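Here is a walk through one protein model, piece by piece. Have the picture open while you read.

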Amino acid sequence: MVLKDKHVLVGVSGGIAAYKSAHLIRLLRKQGAEVRVVMTRAAQEFITPLTLAALSEHEVGLDLFDPASHHEVRHIAWADWADMAVVAPATANVLAKAAAGIADDLLTSILLALQCPLVYAPAMHHQMWNHPATQRNLHTLREFGAHVIPPDEGELASGDVGPGRMPEPETILAFLEDL
Ligand SMILES: Cc1cc2nc3c(=O)[nH]c(=O)nc-3n(C[C@H](O)[C@H](O)[C@H](O)COP(=O)(O)O)c2cc1C
């Protein structure tokens, strides 16, 4: 149980694979990790904060400017809290913003402030994955020291086949355990 009592920050961005993040959070909790979840606005189109709050047993971070959290600068406090962070799924958009140092919502502000190991599990249509901008952004993020778990090949939500499927939560968990 290498993750027991570890503080794991889980970022969820707006892709179809967001539903798989629920299972990842369950697995992390089963391993004894403390989990805090941050969702982008787009992620909330795919899965509800209520589900992820119940599974993580903690309030979910949604808004950079949340009146309920004005007693703390949350993007810094949560970045400092984390022993490791994983963004699963990581959209092409989040990868691009993180590579450019853009911090215009709670998740990307935390990503810019993190001091701990950071893992991206990208998931997207293969045409977005193969775009030179996405590949350049992944290269930049690796240069920054982040880890990238490459997506699986297979049938995508669109019915097309190619690279872009988010790896199964068990694979992501094993990667985090090996960090
Ligand atoms: C049905 C649907 C599915 C989507 N799936 C993905 C996806 O798997 N990966 C991705 O990068 N973007 C996907 N997008 C586009 C993102 O939701 C969009 O780029 C959004 O701005 C991402 O915001 P975020 O990165 O802040 O979460 C999808 C959009 C729709 C409408």
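Where is the place of Asp-5? Asp-5 sits in the segment before E1. Phi of Asp-5 is near 65 degrees, a positive value in a residue other than glycine. Asp-5 is also exposed, because 10 other C-beta atoms lie within 10 Å. On that scale a residue is buried with 20 or more other C-beta atoms within 10 Å of its own, exposed with 12 or fewer, and partly exposed in between, with C-beta atoms placed from the backbone.

Some ground rules for what follows. Residues are numbered from 1 along each chain as its sequence is written. This is a predicted model, in which local features need pLDDT of at least 70 and side-chain atom pairs count only at pLDDT 80 or more, while totals for chains, interfaces and linings use all residues.

## The overall build

The protein has eight helices and seven strands; these are DSSP runs numbered from the N terminus, with helices (H or I) of at least four residues and strands (E) of at least two. Its radius of gyration is 15 Å, close to the 16 Å that the globule rule gives for 179 residues, so the protein is as compact as a globular protein of that length. That radius is taken over C-alpha atoms, and the rule is 2.2 Å times the number of residues to the power 0.38. Along the principal axes, the C-alpha atoms fill a box of roughly 45 × 35 × 30 Å.

Of the 179 residues, 42% count as buried. Looking at contacts between residues at least 6 apart in sequence, 75% join residues at least 24 apart. Here a contact means that the two C-beta atoms, placed from the backbone, lie within 7 Å.

## Around the ligand

There are 15 residues surrounding the ligand, and the closest are Gly-14, Gly-15, Thr-40, Ala-42 and Thr-91. To be near a molecule, a residue needs its C-beta atom, placed from the backbone, within 6 Å of that molecule. Helix H4 (residues 92-100) gives the largest share of this shell, three residues.

By class, the shell has nine nonpolar, six polar and no charged residues.

## The core and a cis bond

In soluble globular proteins, nonpolar side chains tend to be buried together. The largest nonpolar core in this model has 49 residues, and those touching the most other members are Val-8, Val-10, Val-37, Val-86, Ala-88, Leu-95 and Ala-121. Such a core is a set of buried Ala, Val, Leu, Ile, Met, Phe, Trp, Tyr and Cys residues joined through C-beta atoms within 7 Å.

Take a look at Ala-88: leaving out residues up to four places away in sequence, Ala-88 touches Val-10, Ser-21, Leu-24, Ala-121, Met-166 and Ile-172. Ala-88 is also joined to Pro-89 by a cis peptide bond, with omega about -5 degrees. Pro-89 belongs to strand E3 (residues 84-90).

Which residues of H2 are buried? They are Leu-52, Leu-55 and Ser-56. These three cover an arc of only 90 degrees around the axis, which puts them on the same side of H2; the arc is that of the directions from the helix axis to the C-beta atoms. Their cover includes E1, helix H1 (18-30) and E2. Glu-57 is exposed, with 11 other C-beta atoms within 10 Å.

In H3, the buried residues are Arg-74, His-75 and Trp-78. They span an arc of only 100 degrees around the axis, so they are on the same side of H3. The buried residues of H3 pack against strand E1 (7-12), strand E2 (34-39) and helix H5 (106-113). Ile-76, also in H3 (residues 74-81), counts as exposed because it has 12 C-beta neighbours inside 10 Å.

## Over at H8

Pro-169 is found in helix H8 (residues 169-178). Is Pro-169 buried or exposed? Pro-169 is buried, with 20 other C-beta atoms within 10 Å.

Pro-169 and Lys-20 are 149 residues apart in sequence, yet 6.8 Å apart in space, C-alpha to C-alpha. Apart from neighbours within four places in sequence, Pro-169 is in contact with Lys-20, His-23, Leu-24 and Leu-27.

Technical notes
Ala, Val, Leu, Ile, Met, Phe, Trp, Tyr, Cys and Pro count as nonpolar, Asp, Glu, Lys and Arg as charged, and the others, Gly among them, as polar.
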